[in-house]
Amino acid sequence: GCADPAVQALVVTSVEPAPHTGRLRVVMARPADGGVGRADAVAGLARAGGRLRAEVAAAINRRKAPELVFDVT
């Protein structure tokens, strides 16, 4: 996974096409204890986005990995 503690603390709550399966909206929730700020989470996902997309590509059987768009709540 990802070495960034802010990203490690996030939980995927949903994944949906946005607007189609070539682009996926990944909704991530921060811990309820407030230990991860929204700005830190967004910045961490921006840094890790390429790696996360590569992991998705390795896990699915498609010619092209979908673009991931993160939404942090």
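How many helices and strands does the secondary structure of the protein chain come to? It comes to two helices and three strands, with helices (H or I, at least four residues) and strands (E, at least two) taken as DSSP runs numbered from the N terminus. Before you zoom in, note that this is a predicted model: local features need pLDDT of at least 70, side-chain atom pairs count only at pLDDT 80 or more, and totals for chains, interfaces and linings use all residues. Residues are numbered from 1 along each chain as its sequence is written, and side-chain values use heavy atoms, with hydrogens and water left out.

View 1. Along its principal axes, the C-alpha trace spans about 40 × 25 × 15 Å. Of the 73 residues, 27% count as buried (under 20% relative accessible area; exposed is over 50%, partly exposed in between; 1.4 Å probe, protein chains only).

**View 2. Three strands make an open sheet in the order 1-2-3, with mixed pairing.** At the edges sit strand 1 (11-17) and strand 3 (67-72), each pairing on one side only. The twist averages 25° from one strand to the next. Two strands are said to pair if DSSP finds at least two bridges between them. As a reminder, strands of a sheet pair through backbone hydrogen bonds, either parallel or antiparallel.

**View 3. Strand 1 and strand 2 form a hairpin with five residues between them.** These two strands pair in the antiparallel sense over six bridges, and Val 15 stands opposite Val 26 in strand 2. Look in the loop between strand 1 and strand 2 for Pro 19: the peptide bond from Ala 18 to Pro 19 is cis, with omega near 0°.

**View 4. Helix 2 (residues 38-59) packs on the sheet, touching strand 2 and strand 3.** The helix direction makes about 155° with that of strand 3; axes are lines fitted to C-alpha atoms, for helices over the stretch in contact, and angles run from 0 to 180 degrees between N-to-C directions. Contact here means heavy atoms within 4.5 Å.

**View 5. Asp 4 is in the segment before helix 1 (5-8).** Asp 4 counts as buried because its relative accessibility is 16%. The Asp 4 side chain reaches the backbone nitrogen of Ala 6 at 2.8 Å. Not counting residues up to four places away in sequence, Asp 4 also touches Gly 44 and Arg 47.

**View 6. Ala 6 is found in helix 1.** At 11% relative accessibility, Ala 6 counts as buried too. Leaving aside neighbours within four places in sequence, Ala 6 is in contact with Val 36, Asp 40 and Ala 41. Ala 6 and Gly 37 are 31 residues apart in sequence, yet 8.0 Å apart in space, C-alpha to C-alpha.

Technical notes. Polar contact = N/O pair within 3.5 Å; in protein donor to acceptor, adjacent residues only side chain to side chain.
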